[in-house]
Amino acid sequence: MVATNDRWIVERTGIRERHIAPPEIATSDMAIAAARCALAQRGIDASGIDAIIVCTVTPDMFFPATACLVQNALGARRAWGFDLVAACSGFVYGTTTAAHLVAAGTHRRVLVIGSDTMSRIIDYTDRSTCILFGDAAGAMLIESAAEEEDFTFIDFLGEIDGSGGEYLKMPAGGSRLPASHETVERRLHYVHQEGQQVFKYAVRKMYESCKELLDRNGLTSRDVGILIPHQANGRIISATAERLALPPDKVLINIDRYGNTTAATIPLATQDAIHQGRLRKGDLVMFAAVGAGYTVGASLWRWAY
Ligand code: UT7
């Protein structure tokens, strides 16, 4: 499709494999499947969910919200919910929002889903973006723990910087440039990215947010059980790990198997960490992401699963 080669892709991004949803599958379908897995794994019924947050930049439609489609399919009759748009930082923002709802005492169980069908908004004639993104969904239940348990959400550090909005966006389809023949002809309904700009910002911010979060909680990288970062580029993750002095076994990298799946990277990576025995009950886990917006977020948790 484009002038590229496997060596360039592997060396510059770390990606070896990506997964593309078939045409009949949309973001809510993957979200529902992920939610069902999470509920089955936890052994609870959908009626036990108080709220659903779907983090996505590729909803089935502008409205109704994907959260409504998921709620209906699951039969989560007591749940309210909404979609959260924070691109690659979506899952960090979603789980943090859920933790605050639970901490407020008004919610017992919040289902957070990261689901993105990036292949629908990728221009497969643009070699600088089409080799990066894949489709996926993951789900996580944020629940209140028994008081005597030490499993907890510890802290979150978030930042947005709209001056970086130009560097990664889908220009058309919203109220600024509604869909028209012209917007379609100009390929404005696809992801446009200035890769180097985003790369430089991500390398700096991923490190700075993790470092500040650890510092202000009186922690060092030695206390971290595992860092689970957004998977945009293997080089961004390695640079962050190196600056934090985190050894490779304390950093989850699975971009080789999925590519950049936007809001789904962190739940997918968390699942891999659990399956590989690298995330165990009681571990200190740090999530971190930088994405379009710009959006930045890092969070610290004592893992309960
Ligand atoms: O998750 C949301 C946040 N997104 C990110 O964090 C992405 C951040 N950016 C990146 O990961 C990297 O910037 C990319 C992987 C997108 C690009 O890597 P790069 O090392 O920054 O490459 P570049 O854009 O500086 O391009 C270097 C060269 C150029 O050729 P010339 O001008 O040096 O002749 C590109 O045209 O590589 C060329 N190039 C490619 N060559 C083969 C760009 N894409 C490709 C390709 N195959 N797919």
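Me: In E10, which residue is the bridge partner of Asp155?

Reply: The bridge partner of Asp155 in E10 is Leu300. This is a predicted model, in which local features need pLDDT of at least 70 and side-chain atom pairs count only at pLDDT 80 or more, while totals for chains, interfaces and linings use all residues. Residues are numbered from 1 along each chain as its sequence is written, and side-chain values use heavy atoms, with hydrogens and water left out.

Me: What makes E5 and strand E10 a pair?

Reply: Two strands pair if DSSP finds at least two bridges between them, and strands themselves are DSSP runs (E, at least two residues; helices are H or I, at least four), numbered from the N terminus. E5 and E10 (residues 295-302) are joined by seven bridges in the antiparallel sense, so they meet that definition.

Me: Why are strand E5 and strand E8 called edge strands?

Reply: The open sheet they belong to has four strands in the order E5-E10-E9-E8, with mixed pairing. Strand E5 (153-160) and strand E8 (226-229) each pair on one side only. Neighbouring strands of this sheet are turned by 10° against each other on average, direction ignored, where axes are lines fitted to C-alpha atoms (for helices over the stretch in contact) and angles run from 0 to 180 degrees between N-to-C directions.

Me: Which strands stand at the edges of the sheet that holds E2, and why is one side of each left without a neighbour?

Reply: That open sheet runs in the order E2-E1-E3-E4, again with mixed pairing. E2 and strand E4 (135-143) are at its edges, and each has a single partner strand, so one side of each has no neighbour in the sheet. On average, neighbouring strands here are turned by 15° against each other, direction ignored. Inside the sheet, E1 and strand E3 (residues 109-117) run parallel and are joined by five bridges, with Ile52 opposite Leu111 in E3.

Me: What makes the peptide bond from Phe63 to Pro64 cis?

Reply: Its omega is near 0°, and Pro64 sits in the loop between strand E1 (51-55) and helix H3 (66-74). Gly293 and Tyr294 are also joined by a cis peptide bond, with omega about -5°, and Tyr294 is in the loop between strand E9 (284-291) and E10.

Me: Which residues come nearest to the ligand?

Reply: Thr4, Arg12, Gln196, Asn233 and Asn260 come nearest among the 22 residues around the ligand, where a residue is near a molecule or strand if one of its heavy atoms lies within 4 Å of it.

Me: Why is the ligand said to lie between domain 1 and domain 2?

Reply: Domain 1 (6-143) and domain 2 (153-302) both give residues to the shell, so the ligand lies between them; the bounds come from an automatic or database domain assignment. Four residues, the largest share of the shell, come from H7.
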